[in-house]
Structures are given as structure tokens and as C-alpha cells.
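Let's take a friendly tour of the charged and aromatic side-chain contacts here. Have the sequence and the model open as you read.

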Amino acid sequence: MIKVLVVDDSALIRRILTDILNKEKKISVVGTAKNGKEALEKIEILKPDIITLDIEMPIMDGMTALKHIVSRYKLPVIMISTLSQEGAELTLEALDQGAIDFLAKPTNVFRLDQRDIKEEIIEKVKAASKLKPSIKRKTKNTMIKNSPSMRTIKNNENFKTILAVGTSTGGPRALQSLLPDIPGNVNASIVIVQHMPAKFTKSLADRLDSISEISIKEAEDGDVLRRGCGYIAPGDYHMQIKDLNGKLTIKLNQKPKIMGLRPTVDILMESVASIPTHTKIGVILTGMGSDGAKGILAMKKNGAYTIAQDQATSTVYGMPRAAFETGAIDDVLALDIIAEKLINKLGV
């Protein structure tokens, strides 16, 4: 039985989350708290296995409480965040500080009771309960992207390789480990799907751009791929790469969700697989579920080199495992080895 402590300053959200989680046979909500201070007191008494933690609370907010929970109790934490720019930035900071995952609080809280959202909550709690928090290593910022020669390279639409990356749970921290190690003059353009809501992907792109030599942005419809640049699919939009008049161009759409997801790794990778003019590399990083398995198989069938993150360094080994089980993966690698392998393959 997974024992959960629900922490939120809203009595309504505490009740909704408690009702959802208690309907799952393997989960029991052993208590609730209305702020971080009360949560820390109840951890001592209730001995939960996992905590859902609101970010914005009086007396002691979620960010402060998270630091105590991670350092003192080593408990897995799922952050509950508002769908706002500030909420997105705080959520990414929380993931850096050791939170395992997050749930975006819909504007209408009664949507939490919808079937797809209930299933997501339950699955995230189950996955996170098996994990221990860890704090991301600090990555030094670089000044290389300010040089004139680097800007010239990044304005170049000619490059050899398309690198497609897919990830979900644990992905922000994995990307913050991987992408800063890729040199800015890499002879490739990088396209990424990270399962996140709208607004969160913009904050993630900005954060990754600030610590990486490559330039990284949230993708926009009509963006032309450029060398030394990375493009993150915006939340709530599928992303495809199409050859339009000889230019590799990003196309976004809001076609129906697949497996409850939009964007999906499969759609991105299948579009990359269909491009005959470039060398292709596919990478599946940590994540829950099986998104990316079909896409990376399509890439492999079209001559791509493929990597899956190994189980030991994955927050959740769902997506890499599903990709590996297709038989389409060339190498299963620890996260800190993937960048080195990519550099050898990509050239600079």
C-alpha cells in the first residue's frame, strides 16, 4: 500500500485529490495538510511514502517545504502547480531541487475529476512512490553563443543531421544534463518532445537556452531548422518536421491526443523518419508510458542511429524500455554517456 500525504491550502483540492487516490486499491491517503509547516509536522507522525505538494501556500510555501522534505526525509514529492508562467518556472526549479514529478492544476479544479486526469494522477503517484529524490548537478553557463562566429553557424540552414529526442517524467532534469554538453557548433539541428502543458515548455526552453551552448527555443509553426539550434514542441501541440521547398520546417497542429498526449514523440519521430536528405539520430530518455516506441522504430527502419537511456539513470524506465523492446535501439546508455556518444556521431 502506497501511503500519501496530500498538501494543499485549498480544502477543495485536498478533498478531490484524496477521493481520487483513495479509489485506487494500492493507494491510501493517510493525511492532509494545508501548508508546508503542517506537512513537516505530519510527516513525523504519519510516515507517508510519497507527498503531493502545492507550490503556493501560506505560512510555509511548497518550495521551502520541498527543501526540508528532500534533505531530511528523502521522500518522493509530486508538485502541484498552477498553469501559469510563474507556476511553470517554480515547477522547473522544484524539479531541480529534487521533486520527482509535477501535476498541473487546471484553471477549473473540477477538471481534476475527469477520467484522463484521474488516471494521470494515480499513475504518477505509483511511479514516483518507487523513487528517491536527487538534486540536479549545477551546470555552468557559457558565453560562447555571444560570439559572431557562433551566430553565423546558427543562422545556417545547412546541417548534416537531425537529432530527435523524446522524454517525459524526469525529462527536464535529463535535458538539463544532456543538452549543455552538446557544443554550439554541432553539425545538427535538434528537435525535442517533452511531455508538458502549454506555458511550461516555454519556461523549459528558456531555462535550457540559458545553460547551453546551442540555442534553444519553444518551437513556432513555420520555424526553419538551423544548425546548432534546438526546438522544443510547445505544450498542447503536435510537432512535425516537413521539407517545404527545400527547407526543413516545423509544422504544429492540434489534432487529437494520442494516448492522452499532445505533443507526442511518435508523431515527431515519424515525421523525421520520412526525411531522406539528412542523417538521423533518435534518442529516448526517461519517461512514463510507451510514447516514442513507434516513432523510433520508424526512424530505425529509415537508417537512423538510436539510443535509449538506461534503467539505472532513468527516473522512470517506461519509455526507454518500450523503445528497447521494439528491437530498434542501437545503444542503451547512461545519461552522462549519451552526450559523449552523440558528439562522436554528430561531428562539429
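## Salt bridges

Glu24, Glu123 and Lys126 are joined in a network of salt bridges. A salt bridge here is a side-chain nitrogen of Lys or Arg within 4 Å of a carboxyl oxygen of Asp or Glu. The structure holds 16 salt bridges.

Before going further, a word on the basis: this is a predicted model, in which local features need pLDDT of at least 70 and side-chain atom pairs count only at pLDDT 80 or more, while totals for chains, interfaces and linings use all residues. Residues are numbered from 1 along each chain as its sequence is written, and side-chain values use heavy atoms, with hydrogens and water left out.

## Around glutamate 38

Glutamate 38 has a salt bridge with lysine 34, where the closest N and O atoms are 3.0 Å apart. Glutamate 38 also forms a salt bridge with lysine 42, with 3.3 Å between the closest N and O atoms. Lysine 42 and glutamate 38 both belong to helix α2 (residues 36–46) and sit four residues apart, about one turn of the helix. Helices (H or I, at least four residues) and strands (E, at least two) are DSSP runs, numbered from the N terminus.

How accessible are these residues? Buried means under 20% relative accessible area, exposed over 50%, and partly exposed in between (1.4 Å probe, protein chains only). Glutamate 38 counts as buried at 16%, lysine 34 is partly exposed at 43%, and lysine 42 is partly exposed at 26%.

## A link between distant parts

Aspartate 330 and lysine 300 meet through their side chains in a salt bridge of 2.6 Å, N to O. This pair links distant parts of the chain, 30 residues apart: aspartate 330 is in the loop between α11 (318–325) and β14 (331–333), and lysine 300 is in helix α10 (residues 293–301). Aspartate 330 is partly exposed, at 34% relative accessible area, and lysine 300 is partly exposed at 29%.

## Aromatic rings and charges

How many aromatic pairs does a search of the whole structure find? It finds one. Phenylalanine 102 and phenylalanine 200 are stacked, at 5.1 Å centre to centre and 5° between the planes. Rings of Phe, Tyr and Trp (its six-membered ring) pair if their centres lie within 6.5 Å; planes under 30 degrees apart count as stacked, over 60 as edge-to-face and the rest as tilted. Phenylalanine 102 lies in strand β5 (residues 101–105) and phenylalanine 200 in helix α8 (residues 200–211), so the pair ties together parts 98 residues apart in sequence. Both phenylalanine 102 and phenylalanine 200 are buried.

Lysine 124 lies over the face of phenylalanine 102, 5.1 Å from the ring centre. Over the ring of tyrosine 305 sits the charged end of lysine 345, 4.3 Å from its centre. A charge sits over a ring if NZ of Lys or CZ of Arg is within 6 Å of the ring centre and within 35 degrees of the ring normal.
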